[in-house]
Amino acid sequence: MTGLWEQLRGDVKRIHLKEALECWKVTVALESYNDCYDWLTLFSKTFPGEEVYGKFGKGAGGHKTFAVIFHTESKARRDELMALAKRVNEENFPGVGAVYSRGCGIPYEQLLGPWQGWCEDSPIINPEIVNDVKRSLRKSLFRA
């Protein structure tokens with residue numbers, strides 16, 4: 001986020017994406033906090049050697065579901081985690097899916113649109129919100 005902050009401090013029309021192009025998350029949406037805990041327990045038992053980085057719970061935004069979210073920094077690892085998550089789902093949570101998306105969706109998607117269209121040098125398609133994004137980044141990065 002620091003790189004984005006630095007770019008937005010100038011009068012930019014495009015964002016050069018570096019880490020954001022390899023920032024991924026794999027998400028499994030579940031009905032409850034207990035389902036998340038049970039899912040993670042089963043994941044751990046099924047794949048005891050897997051090291052993962054992520055979180056679970058019910059984030060901000062008024063979501064009705066809870067989620068287990070794994071973060072990773074490569075497409076290869078993203079695909080591995082998708083396969084592992086699908087296996088846990090198929091064996092223990094029929095009907096539950098797993099999806100992947102950019103881990104840095106907010107604030108990048110606010111500026112650049114859907115992540116599927118991003119490239120290394122992406123145009124800002126929502127210039128009217130640059131100041132809002134800058135305020136949010138400043139608050140997040142500097143707690144000011």
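Here is a chat about the predicted model shown above.

Biologist: Hi! Before we start, what sort of model is this, and how are residues numbered?

Modeller: This is a predicted model, in which local features need pLDDT of at least 70 and side-chain atom pairs count only at pLDDT 80 or more, while totals for chains, interfaces and linings use all residues. Residues are numbered from 1 along each chain as its sequence is written, and side-chain values use heavy atoms, with hydrogens and water left out.

Biologist: Thanks! How many helices and strands does the chain have?

Modeller: The chain has five helices and six strands. These are DSSP runs numbered from the N terminus: helices are H or I with at least four residues, and strands are E with at least two. Along the sequence the pattern reads α-β-β-α-β-β-α-β-α-β-α.

Biologist: And how big a box do the C-alpha atoms fill?

Modeller: Roughly 50 × 30 × 25 Å, taken along the principal axes.

Biologist: What's the strand order in the open sheet of four strands?

Modeller: The order is β3-β4-β2-β5, and the pairing is antiparallel. Two strands count as paired if DSSP finds at least two bridges between them. At the edges are β3 (53–57) and β5 (99–102), each with a single partner strand, so one side of each has no neighbour in the sheet. Direction ignored, neighbouring strands are turned by 25° against each other on average.

Biologist: How many bridges are there for each pair?

Modeller: Seven bridges join β2 to β4, five join β3 to β4, and β2 (residues 24–30) pairs with β5 over four.

Biologist: Is β4 enclosed or open, and why?

Modeller: Six of the seven residues of β4 are buried, so β4 is largely enclosed by the rest of the structure. Buried means under 20% relative accessible area, exposed means over 50%, and partly exposed is in between (1.4 Å probe, protein chains only). In the chain, 36% of the 144 residues are buried.

Biologist: What about H71, buried or partly exposed?

Modeller: H71, which lies in strand β4, is partly exposed, with a relative accessible area of 21%. Leaving out residues up to four places away in sequence, H71 touches W24, K25, Y53, G54 and K55.

Biologist: And S101, which strand is that in, and what does S101 touch?

Modeller: S101 lies in β5 and counts as buried at 19% relative accessibility. With residues up to four places away in sequence not counted, S101 touches C23, W24, K25 and W115.

Biologist: New topic: how much space lies in the largest pocket, and which residues lie nearest its centre?

Modeller: About 650 Å³ of space lies in the largest pocket. That volume is the space filled by probe spheres set on the grid points, which are joined across faces, edges and corners. A pocket is an open set of points on a 1 Å grid over the protein atoms alone, where a 1.4 Å probe fits, with protein on both sides within 12 Å along at least five of seven lines; lining residues have an atom within 4 Å of a point. The lining has 25 residues, and K25, T27, K55, H63 and I69 lie nearest the centre.

Biologist: Which element gives the largest share of that lining?

Modeller: β4 does, with four residues.

Biologist: And how much space is in the second largest pocket?

Modeller: About 340 Å³. Of its 20 lining residues, E19, A20, C23, E73 and C104 are the closest to the centre. The largest share of this lining, three residues, comes from α1.

Technical notes:
Axes are lines fitted to C-alpha atoms, for helices over the stretch in contact, and angles run from 0 to 180 degrees between N-to-C directions. Contact means heavy atoms within 4.5 Å.
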